[in-house]
Amino acid sequence: MKRIFTSAIIILSLLLLTVGCSTKDQQAEPKKEPAQPVSIQVMLDWVPNTNHTGLYVAKEKGWYKEQGLNVEIVQPGDSGTAQMVAAGKAQFGISAQEEVANARSQNIPLVSIGAIIQHNTSGFASPKEKNIVSPKDFEGKSYGGWGAESEKAVIKSVMEKSNADFNKVKILTVGDADFFNITKRDVDFEWIYYGWTGIDAELRKFPINYIELRKIAPELDYYTPVIITNEAYIKDHPDVIKKFMAATAKGYEYSISNPEEASSILIKEVPGMNAELVKASQKWLSAKYQEDASQWGIQKPEVWETYTNWMVNHKLIPSMIDVKKAFTNDFLPKK
């Protein structure tokens, strides 16, 4: 009994010594505070639509949060998205290859870090009764647009391919006027994105003729839209960009596989949207995000070279830019 009692005393003493040492060790090591999430802004190019679904999916699913990011999705202000991103007022933005090339020709260091849609889904649309089925039919018609020089250059370029006279087109600046109303009374045709306005025409049972731009002019199959940042942010925060693009890619990949669920998330996150149009647009566009590319977001040097050369030849920018600095695939998730 004495031996048992003595052994118990020794064991108890050892336990108390171990607990004491453990407590001292805990007191000696300062408590590590959890890392604070990095707050970033993503500025859209226009009002929220299905081009942006992957961003909203990544946010709603908590994938940005998993990467330690607090992401705010905002609409553009008067200054414009490209200017805000270039100035570092927003860390990321939605833009287009044309805008990035134009900025870099003026030594504004924007960089495209991912193509949201793999091919140009835009083209010229008109009410069926106008009988505009080729660029040759633009002669004697009126076009409604934004008044940008690039619009005129594109119309002139495709008309020349069809041996048509660009001088016979009347070009009017109509801004963001509704396609369906403006083509009934003021203009004959407009430049649209089929994934939104074209799908809307289908839902309205509004018959249109649609001339897909990339089919009549492969050199105009450029990236639109793209995700942009600036060179300074790339230099200072490459880790944040990788995390942001990892979550964003996941959002778009989910939207590709689950268009119905993705559209529901967009509708929930942006109240007041036309639910029927969003769902139909998402179903059509989900197949276009990656299309024939090896992964979502990838950009090809030849697309940048071809379109930028076209811009130079049509005097939209003064000289060729270094396209290797204008875009990068380095921040896309490795496959």
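Modeller: Buried means under 20% relative accessible area, exposed over 50%, and partly exposed in between (1.4 Å probe, protein chains only). This is a predicted model, where local features need pLDDT of at least 70 and side-chain atom pairs count only at pLDDT 80 or more, while totals for chains, interfaces and linings use all residues. Residues are numbered from 1 along each chain as its sequence is written, and side-chain values use heavy atoms, leaving out hydrogens and water.

You'll find W146 in the loop between β6 (142–145) and α6 (149–161); helices (H or I, at least four residues) and strands (E, at least two) are DSSP runs, numbered from the N terminus.

For the close look, I'd pick strand β5, residues 122–127. Six of its six residues are buried, so β5 is largely enclosed by the rest of the structure. With strand β8 (residues 189–193), β5 pairs in the antiparallel sense over four bridges; pairing takes at least two DSSP bridges between the strands. A125 stands opposite E190 of β8. Strand β9 (residues 208–212) pairs with β5 too, antiparallel over five bridges, and there P127 has I208 as its bridge partner.

Out in the segment after α15 (323–326) sits K335, which is exposed at 68% relative accessibility. Setting aside neighbours within four places in sequence, K335 contacts E253 and Q295 (heavy atoms within 4.5 Å). Q295 and K335 are 40 residues apart in sequence, yet their C-alpha atoms are 7.9 Å apart.

Now the charged pairs. The structure has twelve salt bridges, each a side-chain nitrogen of Lys or Arg within 4 Å of a carboxyl oxygen of Asp or Glu. One of them joins E231 and R104 at 2.6 Å, N to O. This pair links distant parts of the chain, with E231 in helix α10 (residues 231–236) and R104 in helix α5 (residues 97–105), 127 residues apart. E231 is partly exposed at 35%, whereas R104 is buried at 15%.

Another one joins K161 and E219, at 3.5 Å, N to O. K161 belongs to helix α6 and E219 to the loop between α9 (213–216) and β10 (226–230), so this pair ties together parts 58 residues apart in sequence. Here K161 is partly exposed at 45%, while E219 is buried at 19%.

Lastly, R214 forms a salt bridge with E212, with the closest N and O atoms 3.2 Å apart. Through shared partners, salt bridges join E212, R214, K215 and E291 into one network.
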